[in-house]
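Biologist: Please take me through this model. I want to know what stands behind each term you use.

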Protein chains: 2
Amino acid sequence: MNKPAVYSHEWYMHKALQEAQIAADAGEVPVGAIVVANNKVIARAHNQTQTLTDVTAHAEMLAITSAANHLGGKYLTNCTLYVTLEPCIMCAGALFWSQVSRIVIGAADPKRGFSTLGKPVLHPKTEVIWDIASDECTDMLLSFFKGLR
Amino acid sequence: MNKPAVYSHEWYMHKALQEAQIAADAGEVPVGAIVVANNKVIARAHNQTQTLTDVTAHAEMLAITSAANHLGGKYLTNCTLYVTLEPCIMCAGALFWSQVSRIVIGAADPKRGFSTLGKPVLHPKTEVIWDIASDECTDMLLSFFKGLR
């Protein structure tokens, strides 16, 4: 049997951007997230706070729940979460509990991102990779908010 | 028409403790939460992380979602959340987004509670009341963990 193909962080971030586009098309703030295990996408999600009338329905939260359903277990050890925007404090707290192995971030969020706290809120075993396809991730958010004006 | 009865914080905390007991009976870490609007309980929830295989299924998260469903709107302005244990960082982040008016807390959580961050993570408009029926809330957690040994 062939080994699963190994793709770059940019490749996976584009999958997360596709999710963000689905959010934008639905009038939602365009943030997308996917979870990858063994080089396979096991969960895809986008922000649905408006659609579900639920402030907790951020892309990362839905992706964590979906990945756990797929795995049949609560913990995302050996998983990578790709997200187009730096997680907020709620999502960082959820990622802590998930024990996710790695978080790959597109655009930074200098207003609401977890790193603005200046405190270690993620799990000590979680690796963080910043700035992957960040221009595209930022552009998607900027065009969305420009369209609202 | 009669006005709805006004109960004490302790009275509502006992409702949250009833939810915590349901969690304990299901083998879940016993934390319960309710949301009150106009003196009426509009949402009840308990920790279901094991049952739902989902680290995000804390009592507060489920209560926020349930209260928003009841109200038909995302924001919990004019609502009070009663919770038997100090919210973790994830739940505090969610409560920030909900703009909940007031949070009433039973037992403090010196290990994982949001206040351990020493940063203002809740919404500036959210009032916090500590230490309501805290002995009972603590006892429920202690007996649960004692039973596990």
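Predicted model: local features only at pLDDT ≥ 70, side-chain atom pairs only at ≥ 80, totals over all residues.

Biologist: What makes β2 and β5 of chain B the edge strands?

Modeller: Two strands pair if DSSP finds at least two bridges between them. Strands (E, at least two residues) and helices (H or I, at least four) are DSSP runs, numbered from the N terminus. The order in chain B is β2-β1-β3-β4-β5, an open sheet with mixed pairing. β2 (40–46) and β5 (127–129) of chain B each pair on one side only.

Biologist: How do you know that β3 and β4 of chain B pair?

Modeller: Five bridges link β3 (residues 79–85) and β4 (residues 102–107) of chain B, in the parallel sense. The definition asks for at least two. Within this pair, Tyr82(B) stands opposite Val104(B).

Biologist: Why is helix α3 of chain B called largely enclosed?

Modeller: Buried means under 20% relative accessible area; exposed is over 50%, and partly exposed lies in between (1.4 Å probe, protein chains only). Nine of the ten residues of α3(B) (residues 89–98) are buried, so the rest of the structure largely encloses this helix. Among them are Ile89(B), Leu95(B) and Phe96(B).

Biologist: What do the buried residues of α3(B) pack against?

Modeller: Contact means heavy atoms within 4.5 Å. The partners are α2 (59–71) and α3 (89–98) of chain A, together with α2, β3 and β4 of chain B.

Biologist: Why do you say that the copies meet through the same surface?

Modeller: 100% of the interface residues of chain B are also interface residues in chain A, so the surface is the same. Each side is listed: 29 residues from chain B and 29 residues from chain A.

Biologist: How much area do chain B and chain A bury between them?

Modeller: About 2,400 Å², with 72% of it on carbon and sulfur atoms. Buried area is the accessible area (1.4 Å probe) that two parts lose on being put together, summed over both. Val55(B), Lys74(B) and Trp97(B) supply 28% of what chain B buries against chain A, more than any other three residues.

Note on methods:
Residues numbered from 1 in each chain as written. Chains lettered and ligands numbered in written order. Heavy atoms only, no water.
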